[in-house]
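I set out to record, entry by entry, what I looked up in this structure.

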Amino acid sequence: MNDHVVIVDDDPITLKQLRRILENQGYRVSAFSTPQRVLQHLEKTPCDLLISDVKMPAMSGMDLMTQVRGRFPAVEVILVSGYATLDGAVAATKEGAFHYLAKPFTPEQLRQRVQEALAHGKARRMAAGQGLPPLLIGASAAMRRVEALVRQVAAADCTVMITGASGTGKELVARALHALSPRAAKPFVAFNCGALTETLIANELFGHEKGAFTGADRCSPGLLEMADGGTLFLDEVGEMPLAMQVKLLRVLQEKEVIRVGGTRPIPLDVRIVSATAKDLKAAVESGALRDDFLFRVNVFNIHLPPLRERREDIPLLAYHILHRLQRRGASKISAISQEAMALLTRYAFPGNVRELENILERAAAVCHDEIIRVSDLPPDLVELELREYKRPEGPLMTLEQLEQDYIAHVLKLTDGARARAADILGIDRASLWRKLKKYGLD
Ligand SMILES: Nc1ncnc2c1ncn2[C@@H]1O[C@H](COP(=O)(O)OP(=O)(O)OP(=O)(O)O)[C@@H](O)[C@H]1O
Ligand SMILES: [Mg+2]
């Protein structure tokens, strides 16, 4: 269902403009000219976001927000003001506004703020529902498909292969499959097949009998037995040695395991969920995976697309990660600046969601107020963007115009952090200050 946005402004023209921009974005919009009508509406209709003017005759936007936050805590609030001051903005965010938007703003600015506020609200609601099975955050069509598949397949109890690049959430999906399955009360056992010799893997998975090898002074059940009744997660299954694939195939077919050094078959009821970052077809062609083994473990495939192919998930994931850091007490950060978010949503994320987590954790550690800004993001990421500087379209520029435009570009990327901007520009701070004055950029 479309997100429901309520707008209130005593100026009918602004109200109409807001409505048009938001409806073009596909939101469900209810518009009102007084705060009282908004409160009446919220009593009856759930809503995701309130966009309120600050100066209204009967009740100020700040007062309306205070009431809404108290009575309808799920609603996010954006305040819009023609008299935006830094003090006003700080006060508003302290009172719980998601953002304080200064008039005039472009449709693009509004669109981005609304998208972020809605993402923030969703992450907040998800965080409030702790204790639920592990959650897949994501609003993209691709992630919703994955989520639907996970629910469907979890109940079906079949063997699943999860594919996707590193950090895309394969283990999270494996845990979700287990938590949503009838096996949820039984163990979930994870095993990483990478970088282990055949002997070690056999020992881990199958266990051993007493005296199976020197040092085996007592019998030890393997992970397969430990996962009995539950789920065994074979991570990096593409790294499994070929001989091991043969042995494991037999276990899966017979549904019984024989410990190393033993003869007694032990019956097993285990669901196998595997994961690999490798391309399955290529792995079979190169001979790294046996096709009979793959056939057995790849009954059902769930593929996780890389983050750069579902960029609309980035704000949602970013706020989800921020909430998690807050809950751990690791951070007081409550927001991400518009420029920083814009940068994040353009970045290619070779390390996918894990890389986003690392970037935000690092940013939260170096950030010294409550908002993550561009200057808190890793320098390479910022520089990557800088390399994409394009001079404005139009007639050829003078050197001075080019200098002015480039300085403005760098300042934007550094969120106005002048020391860092001067660093990037290769000049000292005093020279930067002179240039800013000269070009009227301060
Ligand atoms: N859709 C998502 N919603 C919430 N958190 C996610 C999502 N996808 C990934 N994560 C988080 O990102 C991190 C990496 O995910 P995970 O370990 O499942 O990836 P992976 O594909 O197994 O990575 P690797 O190939 O490196 O082992 C985890 O902390 C996980 O919780
Ligand atoms: Mg993993």
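**Entry 1. Conventions.** I worked from a predicted model, in which local features need pLDDT of at least 70 and side-chain atom pairs count only at pLDDT 80 or more, while totals for chains, interfaces and linings use all residues. Residues are numbered from 1 along each chain as its sequence is written, chains are lettered from A and ligands numbered from 1 in the order in which they are written, and side-chain values use heavy atoms, with hydrogens and water left out.

**Entry 2. The whole chain.** I looked up the secondary structure and found 19 helices and 16 strands in the chain. Helices (H or I, at least four residues) and strands (E, at least two) are DSSP runs, numbered from the N terminus. The C-alpha trace spans about 85 × 60 × 40 Å along its principal axes. Of the 442 residues in the chain, 45% are buried. Here buried means under 20% relative accessible area, exposed means over 50%, and partly exposed lies in between (1.4 Å probe, protein chains only). I then turned to contacts, meaning heavy atoms within 4.5 Å. Among contacts in the chain with a separation of 6 or more, 69% join residues 24 or more positions apart.

**Entry 3. How I describe helix packing.** Two packed helices are described by the angle between their axes and the distance between the axes. The axes are lines fitted to C-alpha atoms, for helices over the stretch in contact, and the angles run from 0 to 180 degrees between N-to-C directions. Angles under 35 degrees count as roughly parallel, over 145 as roughly antiparallel, 65 to 115 as roughly perpendicular and the rest as oblique. A crossing is left-handed if the near helix is turned anticlockwise from the far one by less than a right angle, and right-handed if clockwise. For residue classes, Ala, Val, Leu, Ile, Met, Phe, Trp, Tyr, Cys and Pro count as nonpolar, Asp, Glu, Lys and Arg as charged, and the others, Gly among them, as polar.

**Entry 4. Helix α17 and its two partners.** I first took α17 (residues 399-413) with α19 (residues 429-439): their axes come within 11 Å and cross at roughly 115°. That angle makes α17 roughly perpendicular to α19. The crossing of α17 past α19 is left-handed. On the α17 side I listed E400, E403, Q404, I407 and L411, which meet L432, K435, L436, K438 and Y439 of α19. The residues of this contact comprise five nonpolar, one polar and four charged.

I next took α17 with α18 (residues 418-425), which pack at about 130° with axes 9 Å apart. That angle makes α17 oblique to α18. Here α17 passes α18 in a right-handed crossing. Y406, I407, V410 and L411 of α17 make the contact with R418, A421, I424 and L425 of α18. I counted seven nonpolar residues, no polar and one charged in the contact of α17 with α18.

**Entry 5. Helices α13 and α14.** The axes of α13 and α14 lie 9 Å apart, at an angle of about 120°. That makes α13 oblique to α14. The crossing of α13 past α14 is right-handed. I314, P315, A318 and Y319 in α13 meet M341, L344 and T345 in α14.

**Entry 6. Helix α15.** I checked the length of α15 (residues 352-366): its 15 residues reach 22 Å from first C-alpha to last, close to the 21 Å expected at 1.5 Å a residue. The expected span is 1.5 Å times one less than the number of residues. Its buried residues are N352, V353, E355, L356, I359, L360, A363 and A364. Their cover includes α13 (313-327), β15 (335-336), α14 (338-346), β16 (371-372) and α16 (379-386).

Entry 7. I found R308 in the loop between β14 (300-304) and α13. R308 counts as partly exposed because its relative accessibility is 39%. Not counting residues up to four places away in sequence, R308 touches A348, F349 and P350. Its C-alpha atom is separated by 30 Å from that of F295, 13 residues apart along the chain.

H320 has its place in α13, and at 18% relative accessibility H320 counts as buried. Residues up to four places away in sequence aside, H320 touches A123 and I137.

E225 lies in helix α9 (residues 223-226). With 17% relative accessibility, E225 counts as buried. Leaving aside neighbours within four places in sequence, I found E225 in contact with F206, V257, R259, I266 and L268.
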